[in-house]
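Subject: Structure handover

Hi,

Please find the structure below. My notes follow it.

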Amino acid sequence: MISEIDFVQYRKLKKIQIGFEPGMNLISGTNGTCKSTLMHIVSNSFQALKRNDPRFTSSDATVILGKFVDKVNPKIETVSRGDKGSYSNPAEGTSGTLFSVKYVNGDTIAFRRHNSKDQQQVSNFRFSIKPQYARAKKDTLPSVPVVYLGLSRLYPYGELSDAREIDKPRGQLPEAIHAAFVKQYADLTRMEIVQALNQNIADVKKRSDFTTTVQGIDSNTISSGEDNISIILTALNCLRYLTESVVPGQERDVESVLLIDEFDATLHPTAQKKLFDLIASYAKKYRIQVFMTTHSLYILKHAYELKQRIVYLVDQLDRVTMMPDPGPSHIEMHLSGLQASQLYRNVFIPVFTEDEEARFFLEQLLDYISKELDPGFVTARNLLHFVGASIGAKSLRALFCDRKMDQSSMRSICILDGDEKPDLGHHIIALPGGQAPDRMFSAFLRELMENEAYDSFWNEVQHKGFSKLIAEDVLKDFDDIAKKISAEKASDNSTHGMQRELSKKHFKANRDFYDLVIRAWLVDEKSQPTIRKFRSDLYSVFKKTAAYHSIDSRIWPQLASTAKPSAPPSITSEAQVA
């Protein structure tokens, strides 16, 4: 029934809009993030349903529901008393509207703080939250049945029976709905109920009084988890009865509201899932808007996979914020107090390359992308593990394209040299530049020597002992590789692997110089299109492989298409040559 609550200020809920769905809504967050406060506000945004409401075919459904929820919905003022008897102002420095509730039908009602004139409440430092009731708008709270299942439902019966007055069982659901309740309870607990009647343990909890087919087991001897299941099922079926009793033509998008504090408490994960799925099906079929708080990563992950609404509140000390599009791994980090580096400490995605030269180039390339092109890549960058093996392009492609290997061990990323063709479907991409690294950087080194536009590069690297004279020797050594291979071919000698072996030797001998050349290439304006293309391909294969390694792929957020990457740093930047 509620589509949004717009907060000006109420405790830590400051200048924040929280939207809800007509069906399932999960609220999570660490302790002190106003989850219970939010539930109380939802509960108090409606007025009680009259038991003779003309929208229903008879009063039976409203009467039974009334007996079940009588005095069960907590008022905000019951949690408003400050610590040590002091007045707890929920909105220091704010007067007038504290928050506005927008309903599914489009109506909006503003709420304000009301300091009671009742002497007993004044002495207890209490206040209440009430609608503004603007005269021009003729505000009135919607009349909607609300069931709030607070933590009192978890109190063990044995600890209450001697001290609390217990009403005699009363009220019975129609036979068909009662049969559904019995079947649901059996599915969840493996116990078959023989009889069930609503029972009221005064001022504490509403439950069903029943016996079972299991010797010695009844509503007074079951576990707290089984009792919890019984209470939730009773609430669900009371609300089902209410929806089925609506006069044809008088239906609403939302017929009732169900709130469950700490849904997962006392429940085994298997029971959590089964009960959650049942609640979700009832919410849809019987038009129930459900709000539940939970800390269960198991149920939050399940709800996320089902695309249910999750509101995750993040504690920012003086206020709370909402996590955008909360996923399981992001929630786990906050609930467990971990950072991404800790959460994924022993998790990684293997990356295969052709040789050491490619890995050297790739290290610098990825650092450049994370620092200059896509800062959101930083965390994902740390999850990429370069496999220290040199494997030829043909062999790598064969491994990654093998159907059975692809379904099992090869959920990795393959990055071939720039002269190879990408195959994103098999997680194969190519380095930028269109050539093998040794050829690409020797060609760029020639351009650095011949083009006066790059004179600043030579001014900057000279303090490291490099000059065009040295570069000329490096290029001569590289060109000699081709001459040696030609000479061997002329002598009819095998040249298999010779190019790779000599290139490696050349690269190792001139590694420090090539380090500077690569950095200069990365910041060159002409290199940017091919670098951005590589970044896009890497993003695609990361998304495809992350889930296999239990990594939330959103740890690397989408780079906004409208965002323009910052201009590459100058070649002369000390950061690039240091």
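How many bridges join strand E1 (residues 2–10) to strand E4 (residues 97–103)? Five bridges join them, and the two strands run antiparallel. Ile2 stands opposite Tyr103 in E4.

First, the ground rules. This is a predicted model: local features need pLDDT of at least 70, side-chain atom pairs count only at pLDDT 80 or more, and totals for chains, interfaces and linings use all residues. Residues are numbered from 1 along each chain as its sequence is written, and side-chain values use heavy atoms, with hydrogens and water left out. Helices (H or I, at least four residues) and strands (E, at least two) are DSSP runs, numbered from the N terminus.

Now the sheet. Five strands form an open sheet in the order E2-E1-E4-E5-E6, with antiparallel pairing. Two strands pair if DSSP finds at least two bridges between them. Strand E2 (13–19) and strand E6 (128–131) stand at the edges. Each has a single partner strand, so one side of each is left without a neighbour in the sheet. The twist averages 20° from one strand to the next. Such angles run from 0 to 180 degrees between N-to-C directions, with axes as lines fitted to C-alpha atoms, for helices over the stretch in contact. Contact means heavy atoms within 4.5 Å. Helix H1 (residues 35–43) lies across E1, E2 and E4, at about 120° to E1.

Last, helix H6 (residues 269–285). Its buried residues (under 20% relative accessible area, 1.4 Å probe, protein chains only) include Leu275, Phe276 and Tyr282. Among the elements covering the buried residues of H6 are helix H5 (224–244) and strand E10 (256–260). Arg287 follows H6, with a positive phi near 55°.

Best wishes

How values were computed:
Buried means under 20% relative accessible area, exposed over 50%, partly exposed in between (1.4 Å probe, protein chains only).
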